[in-house]
Amino acid sequence: MSKGAIDLLRFARRCAASFLLVIFAAPVLIAVIVAFSPPQSVFGGSGQLVGVPRGFTLQNFATAWERTDAGHSVFVSFTLSAIIGLLVAMWGMAIISSVLGLPTRGRSSILSMLIAVRILPPICLCTPIFVAGALFGLAPATLFVISMSVLLVPLFSWLLGPAVDAFAEEWLDIPRLFGLGSFGSTLFVFMPLALGVFIMVTAAVAVTAWNEGFFSSALGVQTIIPAIPSLVSHRGTDWGAVMALGLISASPGIVLTALIGLYRLGRD
Amino acid sequence: MSSIDVIDLSKRFAGGGGIGHLSLNIPAGKLTCLVGPSGSGKTTLLRVLAGLLTPDEGDIRSANCSILHLGAKDRNVSMVFQSPRLLPHLSVAANIAMPLTIRDRDFLALAAGSVPRSRLEHVNELARSLRIDHLLNRKPNELSGGEAQRVSLARALIVDASLYLFDEPLSSVDEQQRAEFSELLVAIMQDVLKKGCPVIYVTHDLDEARSIGDLMVVLMDGLIAQTGNPRTVFECPRTVEVAEFFSPSGLLRYFGTVERVTTDRILVRVDNFASSLEIPTRNLSLNVGASVILAFRQVHLAADQDRFVVGSVRSLHDLGDRLRVRALIDDRVMSLKAIRSTNKPHENLSRIAVQPDDAIVIPALPQH
């Protein structure tokens, strides 16, 4: 891989990070505001803005709980999140570190990003996509495929970032010095070094996919994201309940992040 | 093996730095030491020579033929980088053999991380000579800094190159192993030089560069500030910047005028001193009336001479052959290790003086 390609990849990563920041930050803020506002006080049934939030209520959480069997869903989601979090924390980083010999900064970045992947997609990407899709009558499985596709490209660029940043120019220069071209360097130097990251990204996306979609189809239990369309009907969407459900779905990830963060702080 | 001619070579970067219009002869069978402050363009020059960077302009010639159009591989250059940069997924043996594996186009071995059987003996032999044969089956993350740099040395030496570049190989070696590694490195470079190859060694260790180099090139801000025999460059720097670079502890500078020139000495009048200073010329050609800068290294200041006093002693500790002095010099308080030039008890020493024989004479205006 030439230096130009690496620079391009770094640029793509920065673009992807900016894109993800914008696409994640705004919905998170809106979700928090709407989830704690009285029902239908911010958004009307068809999504139009009807007012500014006034007051604080937990009514949306109660509605979401009653209408979507959220207790069961939270349990399932939490269990799976715990498994993912533990796998990442205990095994994933060890594998990446030993394969790549990454500096601490690279390891921390990858860990943070993998955790972010677990927290952010349900609330920020899947939720709006599922709601928008349900309004057009699309089935959860289709919506799931769309949301995963939208996620994959920026995610791959983003997650590969630390590996690319930790990639020293000399690792490419040395083989070049002895006659290895760009393709050879990519194949025999870059790919083996980035293998751990590729595996981790693939595993994270696969587990997220299982967690958010295939799990419910295969075992007949309703996890939170596929439950969102049940809050959408021909009479309109209960946005407060949708956002409350989004927050509930993100909460296991947030708890895990806090725990792993404490663990890491203790270690560092 | 032939010498390398660098002709008017430039490589500038958008963010600043690089090299500009360098012309230089790198002789075959000689050790060229490249020194200069950080960011002066040393590594850039090496990378351009190796074919890893394309210069903006200029030429590189070997045996009177331009090699600029040749790729890194075809220039037959080997290089040791500042940090070892061993490929972490390959064993030490596979890392050492990598240049040969690539040159043999044995991509199966490269992908598998194995050493081709035909090359095994060569790798073992080299590893034995560098005392790393016990590490061959280890992975790079199981090595210390010194061991990893030895492996990177082996990787550079496994090919018979026409030009060897050593880019501060000691910088990644920890203090305890540095002396031993340095000794090994010098022995290796001497072996390479015996084959008649040009060798460029970038180092921050000026004493080492002075003692082992055949030619010293001082780079500053991407330009060659001075070249020549290391001893001459050290003793007769042509500019104040070069003099300061070779005097990390500091310099005292005085403007003067040449009053008289003899075969091997010049008499310089400096307003700060009552009498003129008689200074060795050190092959510097100067005319009467020429303006010069006299520079004195702080390590050459002497405690308590009667002549050429530059400051007064504030406090003083006896270190045996030297004195640790806090002195007021040119209205500044300086800490320095002065030479003891008298047998007086150190409590009675009160003055700091320069010694004319140690003066560095730098022409104040360019000599035409």
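Predicted model: local features only at pLDDT ≥ 70, side-chain atom pairs only at ≥ 80, totals over all residues.
Two strands are said to pair if DSSP finds at least two bridges between them.

**Exercise 1.** Describe the helices, strands and burial of chain A and of chain B.

*Solution.* Begin with chain A, in which there are nine helices and two strands; read along the sequence, these elements follow the pattern α-α-α-α-α-α-α-α-β-β-α. Of its 268 residues, 43% count as buried, and residues 24 or more positions apart account for 74% of the contacts in chain A with a separation of 6 or more. Then take chain B, which has nine helices and 20 strands. Here buried residues make up 42% of the 368 residues, and residues 24 or more positions apart account for 65% of the contacts with a separation of 6 or more.

**Exercise 2.** Find how many residues each chain gives to the contact between chain A and chain B, and which elements of chain B take part.

*Solution.* The first step is to count the residues, of which chain B gives 20 and chain A gives 18. The next step is to look at the side of chain B that touches chain A, where β6 (77-80), α2 (92-103) and α3 (107-112) each supply at least two residues. Finally, sorting that side of chain B by class gives 15 nonpolar, two polar and three charged residues.

**Exercise 3.** Trace how strands β15 to β19 of chain B are joined in a barrel.

*Solution.* Start with the order of the five strands, which close into the barrel as β15-β18-β17-β16-β19 (chain B), with mixed pairing. Strand β15 (residues 302-303) of chain B is joined to strand β19 (residues 351-353) of chain B by two bridges, and these strands run antiparallel; in this pair, B:A303 stands opposite B:I352. Next, three bridges join strand β16 (residues 309-318) of chain B to β19(B), again in the antiparallel sense, and here B:S312 stands opposite B:R351. Lastly, β16(B) pairs with strand β17 (residues 322-329) of chain B over seven antiparallel bridges, B:S315 having B:R326 as its bridge partner. These two strands, β16(B) and β17(B), form a hairpin with three residues between them, and B:G320 in the turn has a positive phi of about 95°.

**Exercise 4.** Decide how helices α5(B) and α6(B) are oriented to each other, and name the residues in their contact.

*Solution.* The axes of α5 (residues 145-157) and α6 (residues 175-194) of chain B come within 11 Å and cross at roughly 10°. Angles under 35 degrees count as roughly parallel, and α5(B) and α6(B) are therefore roughly parallel to each other. Their contact is made by B:G146, B:Q149, B:L153 and B:L157 of α5(B), together with B:Q177, B:F181 and B:I188 of α6(B). By class, the residues of this contact divide into four nonpolar, three polar and no charged.

Note on methods: Residues numbered from 1 in each chain as written. Chains lettered and ligands numbered in written order. Helix = DSSP H or I, 4+ residues; strand = E, 2+ residues; numbered from the N terminus. Contact = placed C-beta atoms within 7 Å. Nonpolar A, V, L, I, M, F, W, Y, C, P; charged D, E, K, R; others polar. Axes fitted to C-alpha atoms, helices over the stretch in contact; angles between N-to-C directions. Parallel < 35°, antiparallel > 145°, perpendicular 65-115°, else oblique. Buried ≥ 20, exposed ≤ 12 C-beta atoms within 10 Å, placed from the backbone.
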